[in-house]
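Subject: Structure handover

Hello,

Here is the structure I said I would pass on. My notes on it follow below.

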Amino acid sequence: MKKGTEIQPAEGKLGVLTPGMGAVATTLVAGVFAVRNGLAKPIGSLTQMGTIRLGKRTEKRIPMIRNFVPLSELEDLVFGGWDIFEDDMYAAAITAAVLERQTLDSIRAELESVKPMPAVFDQSYVKRLNGTHVKQGKTKMDLADQLRKDLQDFKTNHGLSRLVMIWCGSTEVYIKPGSVHRSVERFEKGLQENDPGISPSMIYAYAALSEGVPFGNGAPNLTVDIPALIELAKNNKVPVSGKDFKTGQTLMKTVLAPAFKARMLGVAGWFSTNILGNRDGEVLDEPMSFKSKEVSKLGALEYILQPELYPELYRDFYHKVRINYYPPRGDNKEGWDNIDIFGWLGYPMQVKLDFLCRDSILAAPLVLDLALFMDLASRAGMSGIQEWLSFYYKSPMVAEGLYPEHDLFIQLKKLKNTLRHLEGEDLITHLGLEYYD
Ligand SMILES: NC(=O)c1ccc[n+]([C@@H]2O[C@H](COP(=O)([O-])OP(=O)(O)OC[C@H]3O[C@@H](n4cnc5c(N)ncnc54)[C@H](O)[C@@H]3O)[C@@H](O)[C@H]2O)c1
């Protein structure tokens with residue numbers, strides 16, 4: 001008899017709350033409503049479309065992931081959130097201009113019923129935006145208390161069993177962890193004293209963790225990736241994960257770079273540029289918000305290529321990332337990569353990649369999966385950093401002293417092995433010798 005982890009059943013309704021109700025959040029919510037109404041399929045979502053192999057290949061046991069682990073059903077999700085603009089989900093989705101009007105109109109009433117709560121906002125953290133739908137409070141602790149009340153009220157008013165929060169707000173300016181981020185005690189003192197080092201996204205994360213609500217971070221801001229909030233997550237037994245959804249260019253990077261390394265091909269340079277014209281692009285046009293994104297986007301290659309282990313192949317490779325705000329493209333981003341590689345005897349070659357993607361179409365299913373998996377983690381008694389969800393992030397959070405795993409397929413194996421582990425199934429190592437004995 002296999003023994004897995006005890007997981008509380010996914011009974012009742014799950015509230016999915018997003019600070020930020022812009023392009024990504026509206027595409028998620030409209031998408032789930034469209035799927036629930038039989039208008040479309042949840043393509044791109046591992047929890048909805050994916051399978052998991054169990055046992056030996058000869059056993060042919062390959063259930064759907066959603067039938068293997070107890071996840072909330074799409075019918076049981078209730079959406080809400082906060083934004084600095086008053087637009088409901090329908091109006092916000094029209095502004096985001098990701099999905100066709102016809103699709104939005106067919107679920108209009110449902111979308112209109114999702115209205116943003118007033119946000120916690122500070123323009124010094126997102127310089128390009130200025131909204132009026134914001135909370136007032138004397139101290140940052142007051143604001144955190146108002147958010148906690150929002151969480152309690154949302155749960156009661158909608159008759160929910162559980163909540164999960166995923167940051168879908170704008171990218172905040174780059175900051176380095178400082179002394180106020182070092183412990184819960186210092187952080188709480190900082191909230192009382194309005195320490196400028198505490199950003200709005202951190203206040204949301206603090207409120208969520210204080211209420212026992214799992215928190216995932218879809219943007220590159222530090223947010224929950226600071227010792228104080230990791231400590232709070234541990235104390236309150238709440239799962240956290242982040243940062244920065246891995247959607248377009250970095251997704252491709254973390255597929256191609258492991259391939260070059262697997263074949264011991266050298267990389268001399270990797271130049272990545274993007275044009276995009278949505279509000280995210282406008283925010284990222286500001287140098288300090290771009291800096292947060294740049295740091296997040298640059299990290300992956302260093303870790304995958306390991307130049308310290310392979311100096312002849314990857315020492316001094318030149319890596320540049322550019323993002324240019326170009327309004328005509330809207331949410332339909334174009335990401336170009338020029339990769340200079342070298343092979344046998346050092347002969348140079350080039351790879352050119354042009355990904356004409358849709359930012360929010362790639363991001364929305366990740367938010368859905370994260371909401372469902374973070375809730376699963378919570379019901380399975382997992383707390384603190386959820387490294388198994390690195391699969392979804394450009395800049396995965398890891399325990400202090402560990403380096404993050406960026407290779408997409410190692411991340412997927414880690415995720416699926418975690419699910420097998422939870423259900424008491426054998427982990428899959430791909431050794432395979434047993435088939436030939
Ligand atoms: N789409 C992708 O592929 C992708 C990938 C990785 C990361 N992200 C990140 O996800 C986030 C959302 O992206 P998007 O395209 O939806 O951007 P968006 O600009 O369309 O939406 C962000 C929303 O957050 C709101 N906001 C800003 N600060 C807030 C605050 N303090 N509280 C509440 N609301 C706040 C804004 O008003 C806006 O409506 C961004 O940080 C982006 O960098 C997106």
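Glutamine 306 is partly exposed, with 13 other C-beta atoms within 10 Å. On the scale used here, a residue is buried if 20 or more other C-beta atoms lie within 10 Å of its own, exposed if 12 or fewer, and partly exposed in between, with C-beta atoms placed from the backbone. Glutamine 306 has a positive phi, near 50°, although it is not glycine. Its place is the loop between α13 (287-305) and α14 (311-314). Helices (H or I, at least four residues) and strands (E, at least two) are DSSP runs, numbered from the N terminus.

Aspartate 316 is another residue other than glycine with a positive phi, near 65°. It sits in the loop between α14 and β8 (318-325). Aspartate 316 counts as exposed, with 8 C-beta neighbours inside 10 Å.

Before the rest, two points about the source. The model is predicted, so local features need pLDDT of at least 70 and side-chain atom pairs count only at pLDDT 80 or more, while totals for chains, interfaces and linings use all residues. Residues are numbered from 1 along each chain as its sequence is written.

Domains

The protein divides into domain 1 (14-245 + 361-422) and domain 2 (249-356); such bounds come from an automatic or database domain assignment. Between the C-alpha centres of domain 1 and domain 2 the distance is 26 Å. Their contact involves 26 residues of domain 1 and 27 residues of domain 2. Two residues are in contact if their C-beta atoms, placed from the backbone, lie within 7 Å. On the domain 1 side that touches domain 2 there are 13 nonpolar, 6 polar and 7 charged residues. In this classification Ala, Val, Leu, Ile, Met, Phe, Trp, Tyr, Cys and Pro count as nonpolar, Asp, Glu, Lys and Arg as charged, and the others, Gly among them, as polar.

A cis peptide bond joins glycine 242 and lysine 243, with omega about -15°. Lysine 243 belongs to the loop between β6 (239-242) and α11 (249-262).

Sheets

An open sheet is formed by 7 strands in the order β3-β2-β1-β4-β5-β6-β11, with parallel pairing. Two strands pair if DSSP finds at least two bridges between them. At the edges are β3 (117-118) and β11 (384-385), each of which pairs on one side only. Within this sheet, β1 (residues 14-19) and β4 (residues 162-167) are joined by 4 bridges in the parallel sense.

β9 and β10 form a hairpin with 5 residues between them, and leucine 345 in the turn has a positive phi of about 65°. How many of the 9 residues of β10 (residues 348-356) are buried? The count is 0, and the strand is hardly covered.

Cores

The largest nonpolar core has 98 residues, of which Val29, Leu111, Ile203, Leu229 and Val367 touch the most other members. A nonpolar core is a set of buried Ala, Val, Leu, Ile, Met, Phe, Trp, Tyr and Cys residues joined through C-beta atoms within 7 Å. Helix α15 (residues 359-379) supplies the largest share of this core, 12 residues. Beyond its neighbours within four places in sequence, valine 367 is in contact with Val24, Leu28, Ile166, Cys168 and Gly218. There is also a second, separate core of 12 residues, including Leu256, Ala257, Leu301 and Ile304.

Ligand

Around the ligand are 37 residues, and Gly20, Gly22, Val24, Ala219 and Arg279 come nearest. A residue is near a molecule or strand if its C-beta atom, placed from the backbone, lies within 6 Å of it. Two or more residues of this shell come from each of α1 (23-36), β2 (77-83), α12 (279-284) and α15, and α15 gives the most, with 4 residues. By class, the shell has 21 nonpolar, 11 polar and 5 charged residues. Domain 1 and domain 2 each give at least three residues to the shell around the ligand.

Regards
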